[in-house]
Amino acid sequence: MAAEVLIRKKAKKLRLFSFWVEEQDNLGSPWLRRAWARADSKKKVRADLDSFLEQVEQSGVHPEGTTLCNSEMTGGNDISLIYPWLHISSTLVDINTWIRKEEQRSEEAAAQSPLPSLGRYGSLDRQESMRSSMVRRKLVQGTYCIVESVLPSEDVLPAGEQLCVLLGFRTTDDNCVDTREADSERSEEARSWREWTGIGTLYQNLSQEETVEVMKVEFLESHVPDHTAVFHYLVLLFLQVSSHRGKLGVLDAVARFRVRNMSGYVTVYSNLSDVGDDGSIASLGDTLKNLQQHKEEAKKEFFKPKF
């Protein structure tokens, strides 16, 4: 069993995910959380972006990488926006450093009394509040291994807006133990991911949109922490849309997929990785200016009868 666990820990093609997670206790009513999420003014979202990347950097991870901002008013099958921001790092130095720190924290926690951890960062530790907007959120991190990547047969030239559809799944409690049987079940789940995730249905629906192109599809499995990760499996569908109608089509397709086919968590992110210091406010402002309109039109499109 030790050898099997060691193989998992030495997985290749790792990515470090930093989730900014909604603190549901602070805004008890889901309607209040929804109203707060709607307040996506240019200044507020820019401030959220700066605060989020600041926390990522303070955790020891460089902010360079893929930064994703949620494009939906809701997330998953709940009316609250649970994961409004996401950062993905592929820097090996940052990943290895974070894993060593996480292992050290786990060893220290195991050696101490079973009291709540006081650490500021890590997979399960609560982030201390630094600003009023940060009271509602905490940083949750973990590494994931890329099990399989699917690329288009022809190269797609960068143009338009970059989106990312995230599908998150948790396995059963029986598979969250270090046994040979559980490891076998997890391996079978990883092999058959195209069937049980429903990605084929979503891909087919999105491929019908004329101004939407699929850049890449990745299937990832939790690495560190393993059993206590935010999600045990992730599917990332990277898209490129070249029109306003194309983005509405993506939001509509994901909303319908969530209702009809989804057993896990699914949402849509906008890729803000190219937002820089010079001219970035205008670019980000243009995105935010149309964000609410996109959401409202997507809802109308979703409820419109299909013939």
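**A close look at helix H7**

Modeller: The buried residues of H7 pack against strand E5 (161-169), helix H6 (193-196), strand E6 (212-224), strand E7 (233-241) and helix H8 (244-260). Helices (H or I, at least four residues) and strands (E, at least two) are DSSP runs, numbered from the N terminus. Packing is judged by contact, meaning heavy atoms within 4.5 Å. The model is predicted, so local features need pLDDT of at least 70 and side-chain atom pairs count only at pLDDT 80 or more, while totals for chains, interfaces and linings use all residues. Residues are numbered from 1 along each chain as its sequence is written, and side-chain values use heavy atoms, with hydrogens and water left out.

First, the setting. The protein chain has 307 residues, of which 48% count as buried. Buried means under 20% relative accessible area, exposed over 50%, and partly exposed in between (1.4 Å probe, protein chains only). The chain forms 9 helices and 8 strands. Among its contacts between residues at least 6 apart in sequence, 80% join residues at least 24 apart.

Now the helix itself. H7 covers residues 199-207, and Ile199, Leu202 and Leu206 in it are buried. They lie on the same side of H7, because they cover an arc of only 65 degrees around the axis. The arc is that of the directions from the helix axis to the C-beta atoms. In general, an α-helix has 3.6 residues a turn, so residues three or four places apart point the same way. Gln204 is also in H7, but Gln204 counts as partly exposed, because its relative accessibility is 49%. Its C-alpha atom is 10.0 Å from that of Ala253, a residue 49 places apart from Gln204 in sequence.

Next, the neighbouring helix. Two packed helices are described by the angle between their axes and the distance between the axes. The axes of H7 and H8 come within 10 Å and cross at roughly 150 degrees. Axes here are lines fitted to C-alpha atoms, for helices over the stretch in contact, and angles run from 0 to 180 degrees between N-to-C directions. H7 and H8 are therefore roughly antiparallel to each other. The cut-offs are under 35 degrees for roughly parallel, over 145 for roughly antiparallel, 65 to 115 for roughly perpendicular, and oblique for the rest. The crossing of H7 and H8 is right-handed. A crossing is right-handed if the near helix is turned clockwise from the far one by less than a right angle, and left-handed if anticlockwise. On the H7 side, the contact is made by Thr201, Leu202 and Leu206, and on the H8 side by Val250, Ala253, Val254 and Phe257. These residues divide into 6 nonpolar, 1 polar and no charged. Ala, Val, Leu, Ile, Met, Phe, Trp, Tyr, Cys and Pro count as nonpolar, Asp, Glu, Lys and Arg as charged, and the others, Gly among them, as polar.

Leu167 is part of strand E5 and counts as buried, because its relative accessibility is 0%. Leu167 touches, among others, Leu202 and Phe257, not counting residues up to four places away in sequence. Leu202 is one of the buried residues of H7. Leu202 and Phe257 also belong to the contact of H7 with H8. The C-alpha atom of Leu167 is 9.4 Å from that of Phe219, and these two residues are 52 apart along the chain.
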